[in-house]
Structures are given as structure tokens and as C-alpha cells.
Amino acid sequence: MSLSKKSTVIVENLRKKQMRESISAGKRLDERGLDEIRPIEIELDVIKKANGSAWVKLGNTEVVAGIKVETGEPFEGLENSGALIITAEVLPIASPHVEPGPPDEETIELARVVDRGVRESEMLDLSKLVLVPGKIVYTIFVDCSIINVDGNLFDAASYAVVSALASCKLPVFEIKDDKVVETGRTQEPPITTIPVSITTVKIGDYLLSDPNTEEEACMDARLTITTNSKGSIVAMQKGLKGNFSVDEVKSIADKARIKGEEIRGKLKGLINVG
Amino acid sequence: MVQSRSLIDESGRRSDGRIIDELREVKINVGIIKNADGSALIEFGKNKIIAAVYGPREVHPKHMALSDRCVVRCRYHMSPFSTDTRKSPAPSRRETEISKVIREALEPALILEDYPRAAIDIFIEVLQADGGSRCAGISAASVALADAGINMRDMVSACAAGKVDDKIVIDINDTEDKEGGADMPVAYMPNLKKITLLQLDGELNPAEFNTCLDEAIRGCLKVYEIQRSSLIEKYFGKEKGLKEE
């Protein structure tokens, strides 16, 4: 059962009024332009025990993503593909509004949207991660721990997952006498494209990229669009009870392509992939 | 416990190159979680652990509140990528027990009567585990509590000692924990000279037990110095901190 969202972050009416006035003048309360994305910092390989990892800061939002590679059975209906599992957890250290316990619907949506962007872009060529067709495949877990919340977890978690995946080293498994053995060698992951997620929110009649917590508390609707290296759209998710006009959706999609390309350049430079 | 290979070589060096009374490298970074009232990142060898404190704040659900003192809630949790094989994100029985003993190790240092009807939440997240994560978690949480400005009687510093190849060593690492003879984590209030956490698995004879306890406390005192200087560095800057030392 899904209930209407109860507001946990409270923004005073006066502050809301201030925000609307500022936005209508083309400037946000944190001095950003309406389509300006906060600075992105990425540190790779922060978790040595993981096969790949990234600590991403998007403004004050911070996410650590770590990859663990195992072998297992393929998913049903995908017998000739490696298994990719992406999860996200908003840790209670991350904000005063997080309750410890099983993930709520927002966190599950977050994990699924991040997963969808990466999966649908076919960033990883999963057909190359099969050991015994139909029986044993590589299982790649990408787990995101959100450690500080300041809005736009969708994009921050997505950048963390993509950076960790693109920079990971996959262990090489082999089949010997019907058993899986780890060879101790590593291989580059089969990367085909770099998906980039761009989230835009609507506050009143205005569209803002990369919302922070305060802006998210005032937003009417949210749209996350993921594009691939070719500039095609590969995944979308509209959220909240507000709505968008067709023209708004088209302009958000255009912006997701342009901003996406900028961030893709930045990610590629950091991760060193072609 | 199987001792399959020698964990201390002829020159007295352990599997990671340390001598028997040497601590792994410890670094504490105070205030790294911007949303939290107090926080600390501890790197204890390869352990990488964040502790964050929220509170004193309102208790939810309200019926859990105590009229004469503060409620302390503690969660110790390991990220799925923190261990050699992936750990399910759902809390395990081990994590539940460790959460409890950590809370009980920290509570004696907190002046809970100062905050009636309130709650203090302590969250410990293990990003990378390397043996001794409960001790590192306690030491980080204690710094985070001080960073949050919670009234405290003393710091809580924690370190394990144990038996490896029949020798008593301090600060057991992952390999020594799995292959060694005994592991005894201790948490200690260094100024009040009181023990607040004590666990043991493995076998120690009475003489070994006494040495082990003394060595663990020596380890706690070393950790205490690092906790202290990390707080001085945050609040008074590096230079002032050095002058005071």
C-alpha cells in the first residue's frame, strides 16, 4: 500500500515565498541559476575490499557505492546474461529524518530508478559475463550507501554507481572440473556506454535542475531522465503529485541531453574511459 | 580455532608487519557528516567507519521516552561491500548484538539525566571492515558524541588485545581474529579508569588473562590520545592542538 507522502522536511512559509520570488528572478536561494548543477566530486576506489567503489559528492549529498562480484544462477528468462543487482540504502547517519529499518517506498523507488538507468542503457554488456550458459553467470552487486542527504539522491546515487562500475576490476572466474574457481586475475568490465541521469523538478511554473533538500520540500513534480553516450533517452521516471505539460517534458528532455553530455565528459575524464 | 600457520615471525613481526604492542594506523576525522549533530570518520587499519550522532532530540514513538533521563539508541551496521563476501543489507543477529554492547559501552560516559524525555541516536556505519570494527566504532562514536556537544563524564576509548601464537598482542586484525587464539575487545574510560565493554572469545590462562587485559587498556590509552587530538584539531586548529600537546 502506498500512502501520500508526509512531509518530513519543513520549510517555513516565509522561506517558501522567498524561494518563489528568487526563482522567478532566475536565481535560486543557494545562488545557483535554475539549470545549474552543484559541483560534483568523485573519489574512486575508496573501499579496497570491494571490486570497485566510488565516493560521490553532489553538493552536500554524499553517496558511497561499492561493487561485489560473485557467481550464481542467471535470472529466469535471462539465461545468457550476467546478473546485475543495484540497491540503495539511505543510512540513518545521513539525515535527521531517516528511520532505521527496512527501506520505505521512496528508497525502493530510488534503487529501482538508479537500476533502471544503468540496466536500460546496457552500460554493461551482460552477455559477456556468462560462465556456463543457462547455469552459472557473474553476479554483480552494486550497493549504494547514502551517507548525507541534501536532495537529488537519484542523480548522486546514479553517478556513484556508474563511476564504480566503469572503474571496477572484475575478478576472472573459470570453470574447472565443473567447479567455479577464482583465478586471482582481474579483467576490465565490458562497458558499452556511460548513462547519465539528470533530475529536474517543478516549483510553481519554474523548472530547476539538481534540487537540494529545501527545494525538494517545495517541489510539485519531479522528472528524472537518463541518457546514454549517443544522447538517446534510455529511462525516465516522473514523481510526485504535480504535473508537466508536453512542452515542459520536451524542454526537460533537451536539457537532460545537454547537461548529461557535460557530466558524461566530466565522468569520463575522472574515470579514464573512452 | 585452527592455527594453520605462524602469525608472528622470528623477528617478532606480525602478519601485517607490526610488533606485538603496536597499534594499526589510526586516523579520526571529526564532523564529516554535515547533517549530523556530531560525527566522526575513523580509519583504523583498513577499517573505515562513520559514526554519526543525532540528538538530544524528541523521542519517536513518544511512549519510549523516559521521564528522568535520556533514551540512547544505537545502530551498528555494515555496508554490503564492507566485507570479503557481500553482506546482505538487512541487519544480522551479530549486528544486533554489537549494537547492544556498543550502546552499553557508551552509556556510562553519558550524563543522561541532563536530557530527560529526549533521545540520543548513535549510528555506526562500517564502510570497510578489518577486524576490531566494534572497538573502532565505539571510539568513533565517542568522538561523535563529544562533537555533538553531549554532556559526558569521560571519553570512551576501545581496543582489543588477544593471543596470537601464544603471545599477547594488542589490536587484533582480521587475520589474527580468524586464525589466532583469543580476541578480547575492551572499552575503557581513560580518566575515570573504568571498563565499559569486555568480551572474549578464545582461551586464556589466568596469567595470560591479566596481561591481555593490561595490554588492551594500554591500547585504549593510545586510542584516547588520537581521539583527543582529533577533537582539538577540529575545535582549536592544528597549530593550537600541537602547542597544547
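**View 1. Where chain A meets chain B.** In this predicted model, 26 residues of chain A are in contact with 21 residues of chain B; two residues count as being in contact if their C-beta atoms, placed from the backbone, lie within 7 Å. On the side of chain A that touches chain B, the elements giving two or more residues are β3 (61-72), β4 (83-90) and β6 (136-148) of chain A. Helices (H or I, at least four residues) and strands (E, at least two) are DSSP runs, numbered from the N terminus. Sorted by class, this side of chain A has 13 nonpolar, seven polar and six charged residues. Here Ala, Val, Leu, Ile, Met, Phe, Trp, Tyr, Cys and Pro count as nonpolar, Asp, Glu, Lys and Arg as charged, and the others, Gly among them, as polar. The model scores ipTM 0.85 and pTM 0.89.

A word on conventions: residues are numbered from 1 along each chain as its sequence is written, while chains are lettered from A and ligands numbered from 1 in the order in which they are written. As this is a predicted model, local features need pLDDT of at least 70 and side-chain atom pairs count only at pLDDT 80 or more, whereas totals for chains, interfaces and linings use all residues.

**View 2. The nonpolar cores.** A nonpolar core is a set of buried Ala, Val, Leu, Ile, Met, Phe, Trp, Tyr and Cys residues joined through C-beta atoms within 7 Å. A residue is buried if 20 or more other C-beta atoms lie within 10 Å of its own, exposed if 12 or fewer, and partly exposed in between, with C-beta atoms placed from the backbone. The largest core has 129 residues, and those with the most contacts inside it are A:Val114, A:Ile146, A:Ala157, A:Ala160, A:Val161 and B:Ala140. Its largest share, eleven residues, comes from α3(A). Have a look around A:Val114: leaving aside its neighbours within four places in sequence, A:Val114 is in contact with A:Ile86, A:Ala88, A:Cys144, A:Phe154, A:Ala157, A:Ser158 and A:Val161. A second, separate core of five residues includes A:Met19, A:Ile23, A:Ile203 and A:Leu208.

**View 3. A four-stranded open sheet in chain A.** The strands follow the order β10-β9-β11-β12 (chain A), with antiparallel pairing; two strands pair if DSSP finds at least two bridges between them. At the edges are β10 (206-209) and β12 (233-239) of chain A, each pairing on one side only. Neighbouring strands of this sheet are turned by 20° against each other on average, direction ignored. Axes are lines fitted to C-alpha atoms, for helices over the stretch in contact, and angles run from 0 to 180 degrees between N-to-C directions. Strands β9 (residues 196-203) and β11 (residues 221-227) of chain A pair over seven antiparallel bridges, and A:Ile198 has A:Ile225 in β11(A) as its bridge partner. Helix α3 (residues 153-167) of chain A packs on the sheet, touching β9 and β11 of chain A, and its direction makes about 175° with that of β9(A).

**View 4. Two hairpins of chain A.** β11(A) and β12(A) pair in the antiparallel sense over six bridges, with A:Arg222 opposite A:Gly239 in β12(A). Five residues lie between these strands in the hairpin, where A:Gly231 takes a positive phi near 90°. β11(A) is mostly covered, since five of its seven residues are buried.

**View 5. Backbone details in chain B.** The peptide bond from B:Gly55 to B:Pro56 is cis, with omega near 0°, and B:Pro56 is found in strand β3 (residues 47-58) of chain B. Another cis peptide bond joins B:His60 and B:Pro61, with omega about -5°; B:Pro61 is in the loop between β3 and β4 (71-78) of chain B. B:Asp165, although not a glycine, has a positive phi of about 50°, and its place is the loop between β6 (157-164) and β7 (167-170) of chain B. B:Asp171, also not a glycine, has a positive phi of about 55° and is in the loop between β7 and α3 (174-179) of chain B. B:Asp165 is partly exposed, with 17 other C-beta atoms within 10 Å, whereas B:Asp171 is buried, with 28 other C-beta atoms within 10 Å.
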